[in-house]
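Here are my notes for you on this model, point by point. Have the structure open while you read.

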Amino acid sequence: MPYDLKDVRANSLAKGKEHRDKVLLWTYRWGWMTDESLQALMKVQRRPGSELCRRGVLQRVEPPRGHHAAYCINSASMTRALELYEEDTGGAVIPYQWPQTAVPFAALGEHQEAAQLIAINQLNRYPGGKLTVDRELRVGAKKALPDFCIEHPKRKEWHEVELTPKYAERLFFQLQERDKSRQAGDFTKLIFWCRTAGVGRSIQNALNRETCPEVFRRGDGKISMMPGGLRWNPKALRCVSEVVLIGEDRETARYLGDASGCQASLDDQVIMDL
């Protein structure tokens, strides 16, 4: 059967628009993307950033020394991006502020890139989830929030990306605030994605304690122990938490076990492939 060139061109254009819209919505939601997150989102081997810039979809933000390069929405595509976001959220709008200055700081860039890659992976593995990212969640919020949230019909997951260890008071504060969110019904599952086994085990060890010290944030932003030796029980939070190790090569991730048991070894189960 001979090919109809008109159909081939039409299909190619439709596919191109589908990719463009997917990239625009994702970039509007997160603020910016990298070549690696673009590859993962579009499921391609090549680096698509330059091509998307040529087509007027994105623009590359040249970073100063010590910063990561990033791709932001081109002004020519901003109207379409806003339309897609309003359609996806039912009319809710958050401002798009990039690029203003250098995007982003190196540590922040690495953290958010990891969050994007994990979110893409989880949405591909478990289709149908509703994604909400930190900058959307923070609008008007005055409480602890995750790096991103994926909501399914019968579960609501909070995802935390932990690339570096926290000092004890800061870790206790993080868990204490998440437990308050659990009590408020903000999530049904809390998943910690950790770059190293040490980071993961520090979280597990804190959750496995019989009690944790209560802490508070001081006026200068530092975290201190609550006077009087007050403590709280992390058992309920432990029962809804999981800890996952992401391989440094971003090709493997291993289940460390749910926080209630710490029985699993690093080699028990590969659950994610970034």
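1. A word on names before anything else: helices (H or I, at least four residues) and strands (E, at least two) are DSSP runs, numbered from the N terminus. This is a predicted model, in which local features need pLDDT of at least 70 and side-chain atom pairs count only at pLDDT 80 or more, while totals for chains, interfaces and linings use all residues. Residues are numbered from 1 along each chain as its sequence is written, and side-chain values use heavy atoms, with hydrogens and water left out.

2. On a 1 Å grid over the protein atoms alone, a cavity is a set of points where a 1.4 Å probe fits but cannot get out; a pocket is an open set with protein on both sides within 12 Å along at least five of seven lines; and lining residues have an atom within 4 Å of a point. Grid points are joined across faces, edges and corners, and a volume is the space filled by probe spheres set on the points. By this rule there is one cavity of 30 Å³ or more, and the largest cavity has a volume of about 40 Å³.

3. Which helices each supply at least two residues of the lining of the largest cavity? They are H7 (168-183) and H8 (197-207), and H8 gives the most, with three residues. Among the lining residues are Glu162, Pro165, Leu171, Val199 and Ile203. The lining divides into four nonpolar, three polar and two charged residues (Ala, Val, Leu, Ile, Met, Phe, Trp, Tyr, Cys and Pro count as nonpolar, Asp, Glu, Lys and Arg as charged, and the others, Gly among them, as polar).

4. Now for the open spaces. The largest pocket has a volume of about 540 Å³. Of its 26 lining residues, His111, Asp134, Arg138, Asp147 and Glu160 lie nearest its centre. H5, helix H6 (134-137), strand E5 (155-162) and H7 give two or more residues each to this lining, with the largest share, five residues, coming from H7. Look at the classes too: ten nonpolar, four polar and twelve charged residues.

5. The second largest pocket holds about 390 Å³ of space. It has 17 lining residues, and Leu25, Trp26, Arg29, Leu123 and Gly129 lie nearest its centre. H1, H2, H5 and strand E3 (130-133) each supply at least two residues, and H1 provides the largest share, five residues. By class, this lining has eight nonpolar, three polar and six charged residues.

6. Next, two helices side by side. H2 (residues 35-42) and H5 (residues 106-125) pack at an angle of about 5°, with their axes 10 Å apart. That makes H2 roughly parallel to H5 (angles under 35 degrees count as roughly parallel, over 145 as roughly antiparallel, 65 to 115 as roughly perpendicular and the rest as oblique). Axes are lines fitted to C-alpha atoms, for helices over the stretch in contact, and angles run from 0 to 180 degrees between N-to-C directions. Contact means heavy atoms within 4.5 Å; Glu36, Ser37, Ala40 and Leu41 of H2 meet Glu113, Gln116, Leu117 and Ile120 of H5.
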